[in-house]
Amino acid sequence: MAGSGELARHWQYTELPGVDLLRARYIHKTFIRHTHENFVIAAISDGVEVFRHGGGDVSAGAGALALVNPDTPHTGRAGVPEGWRYGAVYPSPEVVAAIAAETTSIRGTPGFVSPVLDDPHTVGLVHQILRAADEGNALAADTLLRVAVTRLLRLNGGPLPQRVVPTAGDRVAARARAVLEARMAEPPTLEQLAADLGTSPFALLRAFRNAYGMPPHTWLTDARVRRARRLLDAGTGPAEAAIAVGFTDQPHLNRHFARIVGVPPGAYQRERKNVQDAGRRLLLPCDTWQNRSLQKTYAPERKGLDRKGNEPPRRERSRTPPSYGTPSESGSP
């Protein structure tokens, strides 16, 4: 993408099990409708992100957080011409539930009430988590994650809605989903699937959309990328993973993977492999883009960077610099 200036790094830190990490600057990136198995806690440093959530568009600007519960369909795109820059943590439901049980009075399954929260303090905490992970500071990373999640749950948390008794349409949708999971590499047509389930194509389409927030073909693409991530985590190569989950070839996987995860599968897998060598790697103190560990950061086009690979300081100066230290009292559990 000529002149895009986009950067992204999606990785894990071994001392934060059950948590994915992301730093990114996007301008033209458009995330298709998808879900995550983990929570999304995205802290916006600059610009504006717009994402569709719950039937409407919402926006998060500098100093705000975009918050998405697991298995909740959403999209993502720039809300201003200069795009948006952010850091994100993706804690698993188990991680969030354990923190909620220890530090909040939420009953039931904890989650976020609103998809956007204006809270510069927690935005700073998220960037501090990422910096601590970069520097190999396990004590700081773990502490700051717990403080940030606790604060978010106290400010914007509550029990997720309980599942109601499934309707006939819900049961048909669940059966259709099971068929698609079992036949991911060779799925049936909508007409064939509906006939096998004893319903009509449009009735199945309505039922599936009502149950899962997206039509079957969109859900299948999302599910394929999820399964491809597991294969990549296990060491399967991108080309082999693409065929295994039903994409025609690696470029087909690349296109959808980048539009859901934010980086191509090769860059994603390299960071997973780097986790195994983290103990032998020297990570230097850094700000958002200046750590040498970002040499393998996904960057479609590096035009416009200076000779050292840094962004021009005036344009890219963050409103919430990711320095970190002892959490303030207002963010303590």
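Ile41 stands opposite Val89 in strand S8, strands being DSSP runs of E with at least two residues and helices runs of H or I with at least four, both numbered from the N terminus. The structure is a predicted model, in which local features require pLDDT of at least 70 and side-chain atom pairs count only at pLDDT 80 or more, while totals for chains, interfaces and linings use all residues. Residues are numbered from 1 along each chain as its sequence is written, and side-chain values use heavy atoms, with hydrogens and water left out.

The secondary structure of the protein comprises 11 helices and 11 strands. Of its 333 residues, 50% count as buried; here buried means under 20% relative accessible area, exposed means over 50%, and partly exposed lies in between, with a 1.4 Å probe and protein chains only. Contact means heavy atoms within 4.5 Å. Among contacts between residues at least 6 apart in sequence, 75% join residues at least 24 apart.

Strand S8 (residues 84–91) is paired with two other strands, S2 and S4; two strands pair if DSSP finds at least two bridges between them. Strand S4 (residues 40–53) runs antiparallel to S8, with 6 bridges between them. Strand S2 (residues 19–26) is likewise antiparallel to S8 and is joined to it by 8 bridges. In this second pairing, Arg25 lies opposite Arg85 and Val19 lies opposite Pro91.

In S8, 8 of 8 residues are buried. One side carries Trp84, Tyr86, Ala88 and Tyr90, the other carries Arg85, Gly87, Val89 and Pro91, and both faces are covered. S2 is also mostly covered, with 8 of its 8 residues buried. Val19, Leu21, Arg23 and Arg25 point one way from S2, whereas Asp20, Leu22, Ala24 and Tyr26 point the other way.

Each of the strands S2 and S4 also takes part in a hairpin. Strand S1 (residues 7–12) is joined to S2 by 6 bridges in the antiparallel sense, and Gln12 stands opposite Asp20. The hairpin of S1 and S2 has 6 residues between the strands, and Gly18 takes a positive phi near 80°. S4 pairs with strand S5 (residues 56–61) over 6 bridges, again antiparallel, and Phe51 faces Val58 in that pairing. This hairpin has 2 residues between its strands, with Gly54 in the turn showing a positive phi of about 65°. Most residues other than glycine have a negative phi. Asp71, a residue other than glycine, has a positive phi near 60° and is located in the loop between strand S6 (64–68) and strand S7 (74–78).

Glu49, in strand S4, counts as buried because its relative accessibility is 8%. The C-alpha atoms of Glu49 and Arg77 are 5.8 Å apart, although the two residues are 28 apart in sequence. Leaving aside residues up to four places away in sequence, Glu49 touches Ile44, Val58, Ser59, Ala60, Ala66, Gly76, Arg77, Gly79 and Trp84. Leu130, in helix H2 (residues 120–135), counts as buried because its relative accessibility is 0%. With the same exclusion of residues up to four places away, Leu130 touches Trp11, Leu21, Leu22, Arg23, Gly87, Ala88 and Val89. Leu130 and Val89 are 41 residues apart in sequence and 8.0 Å apart from C-alpha to C-alpha.

Helix packing was examined for helix H4 (residues 168–182). Axes are lines fitted to C-alpha atoms, for helices over the stretch in contact, and angles run from 0 to 180 degrees between N-to-C directions. Angles under 35 degrees count as roughly parallel, over 145 as roughly antiparallel, 65 to 115 as roughly perpendicular and the rest as oblique. H4 packs against helix H6 (residues 201–212) at an angle of about 90°, with the axes 8 Å apart, and the two helices are therefore roughly perpendicular. The contact involves Gly169, Asp170, Val172, Ala173, Ala174, Ala176, Arg177 and Leu180 of H4, together with Leu204, Ala207, Phe208, Ala211 and Tyr212 of H6.

H4 also packs against helix H7 (residues 216–233) at an angle of about 45°, with the axes 11 Å apart, and this pair is therefore oblique. Arg177, Leu180 and Glu181 of H4 meet Pro216, Trp219, Leu220 and Arg227 of H7.
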